[in-house]
Amino acid sequence: MKEGYKNLFDIFKKKTSSDVAKDRLKLLLVSDRANCTPELMEMIKNDIINVISKYMDIDADGLEIQITQTEFEGNDEAVPALYANIPIKDIKHKE
Amino acid sequence: MSEVIVITSGKGGVGKTTTTANVGTGLAKLDKKVVLIDTDIGLRNLDVVMGLENRIVYNLVDVVEGNCRLKQALIKDKRYPNLYLLPSAQTRDKTAVTPEQMRKLTDELREEYDYILLDCPAGIEQGFKNAIAGADRALVVTTPEVSAIRDADRIIGLLEANEMKKSDLIINRIRMDMVKRGDMMSIADVVDILAVNIIGAIPDDENIVISTNQGEPLVGTNTMAGQAYMNICHRVLGENVPLLNLDGNNSFWSKFTSILKRTK
């Protein structure tokens, strides 16, 4: 979500509508090109829930995943990234 | 050597038919033997844009189904000795033709024509598959809008997946005044997003509406769009022509008026 916050701040720097269009398109095309169907995303999401739940108590309903872009260290070009926001209910190890 | 070129876009209404008419007419003006094929079965339009709607007897489906010979269906454009149109059928649908039949048709036309231009319907279904089947290269038309660019990206992906040898981008309806204000994506922005070779940019020119009203493509005339389309024709032929300055100060009329202004 780093990218998203950065975009949010940019809006206050008087972004032109063509900049907005460009940014929206760049994000949109990443997920379009990845060709992830909603069913596939749902399967990934369920698998993530299963794996993480082995180690901690998470809020399965609050979990979101999306394909987005991120800056990669030592690389100026943005690369596709799978972003997952997993709210933890209880950090203690489950027995 | 002849070349089969499909003009496609994904999204409707971005200027595929206008581009097909103008690039085809331009190539004919440059002494190439050209045939235009309207592959939009059920929604034929290339005939009206070309001003040849009153001369249709047979159509694409008639040829494919063997109701007539190919030569009988081709309409010769009397204004240009080298230009022909194969109109689409209005009362049938996209399933009336298969990709194999299209490939056979374009191969037959290769023997006689230098350039075979296919006006592709909007969408990515059967009509699109038919249109791209026999093509050697594609001209992907888009406008500087998010919806058109998104669809163009999808089309470029599908063309790659179908092993299209060459895909070039045409950005249509650019308004330099809006680009300067920051309210329209620039040519560079669109090229950056789509990461594909650009073969031409057409300004939003009201002369296009006038030329469509009259049924006479404006390629090669002293209008911004007319010049931009002629430049695309030269690039299709492999010539290296720099992108037109779309600021509106290189058309005949603006040069003329600027001289008048100077002398005042």
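**Exercise 1.** List which residues of α6(B) are buried, and state what they pack against.

*Solution.* Step 1: the buried residues of α6(B) are B:G127, B:F128, B:N130, B:A131, B:I132 and B:A133, where buried means under 20% relative accessible area (1.4 Å probe, protein chains only). Helices (H or I, at least four residues) and strands (E, at least two) are DSSP runs, numbered from the N terminus. The model is predicted: local features need pLDDT of at least 70, side-chain atom pairs count only at pLDDT 80 or more, and totals for chains, interfaces and linings use all residues. Residues are numbered from 1 along each chain as its sequence is written, chains are lettered from A in the order in which they are written, and side-chain values use heavy atoms, without hydrogens and water.

Step 2: helix α6 of chain B spans residues 126-133 and is mostly covered, with six of its eight residues buried.

Step 3: the packing partners of these buried residues, by contact (heavy atoms within 4.5 Å), are β1 (3-8), α5 (99-110), β5 (115-119) and α7 (146-161) of chain B.

**Exercise 2.** Describe the interface of chain A and chain B by residues and by buried area.

*Solution.* Step 1: chain A gives eleven residues to the contact and chain B gives 13 residues.

Step 2: about 1100 Å² is buried between the two chains, 58% of it on carbon and sulfur atoms; buried area is the accessible area (1.4 Å probe) lost when two parts are put together, summed over both.

Step 3: of the area that chain A buries against chain B, 39% comes from A:S18, A:K22 and A:L25, more than from any other three residues.

**Exercise 3.** How many salt bridges link chain A and chain B?

*Solution.* The count is four, each a side-chain nitrogen of Lys or Arg within 4 Å of a carboxyl oxygen of Asp or Glu. A:K22 pairs with B:D189 in a salt bridge, with the closest N and O atoms 3.0 Å apart.

Notes:
Buried means under 20% relative accessible area, exposed over 50%, partly exposed in between (1.4 Å probe, protein chains only).
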